[in-house]
Amino acid sequence: MTKHGIILCLAALGVLLGYGGATAAEAQSQGIPTSVVVRVVGSHGMPLGDAVGGAAITIRDVATGAVLASGKQTGSSGDLRAIMQTPRLPTEPLYSTNDSASFKVDLVLNKPTLVEVIGEGPLKFPAAKRRASKTVLLYPGKHVTGDGVVLQLYGMIVQIEAPKPDRPLGIGDGVIVRATVRMMCDCIVEPYGNWDSRKMSLYGEARVDGTVIGQVEFFHQGPQGILQGDYTIPKWLKGKDRLTLRVVASDAEGINVGYDEITYHLVPWEQSRDATGRDIPPLKTP
């Protein structure tokens, strides 16, 4: 075959492979635009949207270690009814039926490339941050669309709302403990909800020197997923200067677990106010 004939054959092959008007050699040297969609979602939940700060995404070439793309997942957590309540086949799209938070990038690939896709979040809650990754083969011109590469994060967002960390607690005081528990997507945990707290383990612990000295039983207060419980600081802690309150949340399977804890300064009862904010009445002089 002549040199001219070889060039014509390469051009024809390039058209068949989707290179447009470029020859195979040109396409190989220039690379082919390849779109990739990545979604970071909470286990048993929805995508991590702007409400929780989204998620950090990195796409790395496995062979060379080079970072091909990085950025932040943005958008809303998506349509709750479509994601959590609508039956569908495993092959049907879940998160992209109504667009939800994602990271989208156009890579230029000149060969089949094995990549590691990494997601970390939620960025707004460092204590709850988790990391997940998948290894995926990207082929030049084969766009990754729809739900895209889905990375699932396990955990819960737990926050102690009261008492505040700057408030000293008095030995012998009654303390009102308030906390919120949410899925990684900022989805509220509550009785009879889509994320039913009746099927979860939610409790508090009082700890001194790493030892559990008491537990707090919680009850739901209001529509915002507020948990509230009472605890009386034992008088026998006289002489101790620190007490840690820890709130723990876990689903029935034990795969989604989260906690928050705050260490408070302990003072004698006379020097403190209880967690409700009421002033301690003045001591009566004999």
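**A walk through a predicted model**

Let's start with the residues that line the largest pocket: five of them are nonpolar, two are polar and four are charged. Keep in mind as we go that this is a predicted model. How big is the volume of the largest pocket? It comes to about 170 Å³. Rolling a probe the size of a water molecule over the atoms is what shows where empty space is left.

Now for the charged side chains. Side chains of opposite charge can pair when their charged atoms come close. In the whole structure, a search turns up eight salt bridges. One of them joins D99 and R39, with N and O 2.9 Å apart. This pair links distant parts of the chain, since D99 sits in the loop between helix 3 and strand 4, while R39 belongs to strand 1 (residues 32-42), 60 residues apart. Are these two residues buried or exposed? D99 is exposed, because its relative accessible area of 52% is over 50%. R39 is buried, because its 1% relative accessibility is under 20%. There's a further partner here too: R39, D99 and K104 are linked in a network of salt bridges.

Next, look at D209 and K240, whose side chains meet in a salt bridge of 2.8 Å, N to O. They also link distant parts of the chain, 31 residues apart: D209 is in the loop between strand 11 (201-208) and strand 12 (211-217), and K240 is in the loop between strand 14 (226-232) and strand 15 (242-250). D209 counts as exposed at 64% relative accessibility, whereas K240, at 36%, counts as partly exposed.

Then there's E261 with R246, where the closest N and O atoms of the salt bridge are 2.7 Å apart. E261 lies in strand 16 (residues 257-267) and R246 in strand 15, so this pair ties together parts that are 15 residues apart in sequence. Both count as partly exposed, E261 at 33% relative accessibility and R246 at 21%.

Back in the loop between helix 3 (80-85) and strand 4 (103-109), you'll find S102. S102 is buried, with a relative accessible area of 8%. Its C-alpha atom is separated by 9.5 Å from that of V150, 48 residues apart along the chain.

Finally, the surface: V62, L114 and L137 make a nonpolar patch of about 260 Å². L137 is part of strand 6 (residues 130-138), and L137 is exposed, at 54% relative accessible area.

Definitions and conventions: Residues are numbered from 1 along each chain as its sequence is written. This is a predicted model: local features need pLDDT of at least 70, side-chain atom pairs count only at pLDDT 80 or more; totals for chains, interfaces and linings use all residues. Side-chain values use heavy atoms; hydrogens and water are left out. Patches are made of residues with over 30% relative accessible area and no salt bridge: like charges are joined within 9 Å, nonpolar side chains (Val, Leu, Ile, Met, Phe, Trp, Tyr) within 5 Å. Accessible areas come from the Shrake-Rupley method with a 1.4 Å probe; for residues, only the protein chains shown count as cover. A salt bridge is a side-chain nitrogen of Lys or Arg within 4 Å of a carboxyl oxygen of Asp or Glu. Helices (H or I, at least four residues) and strands (E, at least two) are DSSP runs, numbered from the N terminus. Buried means under 20% relative accessible area, exposed over 50%, partly exposed in between (1.4 Å probe, protein chains only). On a 1 Å grid over the protein atoms alone, a cavity is a set of points where a 1.4 Å probe fits but cannot get out, and a pocket is an open set with protein on both sides within 12 Å along at least five of seven lines; lining residues have an atom within 4 Å of a point. Grid points are joined across faces, edges and corners, and a volume is the space filled by probe spheres set on the points. Ala, Val, Leu, Ile, Met, Phe, Trp, Tyr, Cys and Pro count as nonpolar, Asp, Glu, Lys and Arg as charged, and the others, Gly among them, as polar.
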